[in-house]
Amino acid sequence: MESQNTQVAPESLPFSRRRLGPWLRAYGTFAGLLALFVTFALLRPGVFLSVNNLRNITEQVAILAIVATAMTVVMVVGDFDLSVGTLASLCGVVVADLLIRGFGLWPSIAVGLAVGLLAGMLNGLLVAYAGLSAFVATLATMTAFRGLSLWYTGGATLFSGIDESFRFIGQGMTGPVPNSVWLMLAVVAVTWFLMEQTAFGRRLYAVGGNPEASFLAGLHVRRLRLAAFLYSGLGAAIAGIVLTSRLFSAHPTAGEPLMLTSIAAVFLGMTMFREGEAHVPGTVFGVLLLGVLNNGLNILHVNSYIQNVLTGAIIVAAVLLSGLSRRAR
């Protein structure tokens, strides 16, 4: 008995079906962002489209964009960093404590950045040199950083005695734009330049594409993976400092929500322009989509539990689209 072949050749599909799949994979995130923007603008035009609210969206996404942009570098080499949220909390706690002790603004910030770099180096050494998987290594350090923050503060929020000059980072303005947004733009621009316009960035993409071939081609794969984790640690430290300044207080778990949303933003970005590959412009669109969604749902007074469900659904959709994009490459 002759078997029936159920596969349909792509050429036999209608033109619209052949083009719809690739179009959704390439521009689905952008279309989703546009649809959310239009929906919220129609439902609450006087509130959502106000200048204050649009500025509020950019301020809300600034910290997430810094973490997600640094996370993009790690995901370009094929790894990910689960510790960025707790590391941001730890760096914020350290800076706030030093300011309270009177160490001065810039020395305190320098120590906070150094903590981020050391933590990134620890992650990089565990993954690239000790051979641990990124999931196991950064899950372990995530737990350790959270414990350090709680031990350092005794579980309390630090707020009394912080130097007033510290406010300018998270609450100050330069012209009509908040300083946190200027900082976000700087991080995004520098990272884009490193990744897209330098040999260093091209080597990172090569390692992520095929580590064995990169090694045989003479690239220092371990050093490049270590450098990616150093960059992630630095990004987490900057985000933690901005977050602490914006809140003008340091809570030992304040940065933890950044971990999941930053990974989600990178996955959302991987469905755009370059199918299945992490890149800075895509991550920025992913951050904007999550920021607009969160802001719009707050304006509509949607229950926070429902917001978490919707965010989780978007993450699942992003991962599925990213997987489809990789298979299509």
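How much space lies in the largest pocket? The answer is about 720 Å³, where a pocket is an open set of points on a 1 Å grid over the protein atoms alone, with protein on both sides within 12 Å along at least five of seven lines. The volume is the space filled by probe spheres set on the points, which are joined across faces, edges and corners. This is a predicted model, in which local features need pLDDT of at least 70 and side-chain atom pairs count only at pLDDT 80 or more, while totals for chains, interfaces and linings use all residues. Residues are numbered from 1 along each chain as its sequence is written, and side-chain values use heavy atoms, with hydrogens and water left out.

As for the chain itself, it has 14 helices and two strands (DSSP runs numbered from the N terminus: H or I of at least four residues for helices, E of at least two for strands). Of its 329 residues, 45% are buried, meaning under 20% relative accessible area with a 1.4 Å probe, protein chains only.

Back at the largest pocket, 24 residues make up the lining, each with an atom within 4 Å of a point. Gln60, Leu64, Pro257, Thr261 and Asn294 lie nearest the centre. Helix α13 gives the most to this lining, six residues, and α3, α11, α12 and α14 are among the helices that supply at least two each. By type, the lining splits into 13 nonpolar, nine polar and two charged residues (nonpolar: Ala, Val, Leu, Ile, Met, Phe, Trp, Tyr, Cys and Pro; charged: Asp, Glu, Lys and Arg; polar: the others, Gly among them).

There is also one cavity of 30 Å³ or more, a cavity being a set of points where a 1.4 Å probe fits but cannot get out. The largest cavity holds about 60 Å³ of space. Its lining has 13 residues, with Ser89, Leu243, Thr244, His251 and Ala254 closest to the centre. Helices α4 and α11 each bring at least two residues to that lining, which has six nonpolar, seven polar and no charged residues.

Helix α4 itself is largely enclosed by the rest of the structure, because 16 of its 17 residues are buried. Just after α4, glycine 102 takes a positive phi of about 85°.

Over in helix α8 (residues 179-197) sits threonine 191, which counts as buried at 1% relative accessibility. Leaving aside residues up to four places away in sequence, threonine 191 touches Thr69, Val73, Tyr231 and Val280 (contact means heavy atoms within 4.5 Å).

Terms used. Buried < 20%, exposed > 50% of the residue type's maximum accessible area, 1.4 Å probe, protein only.
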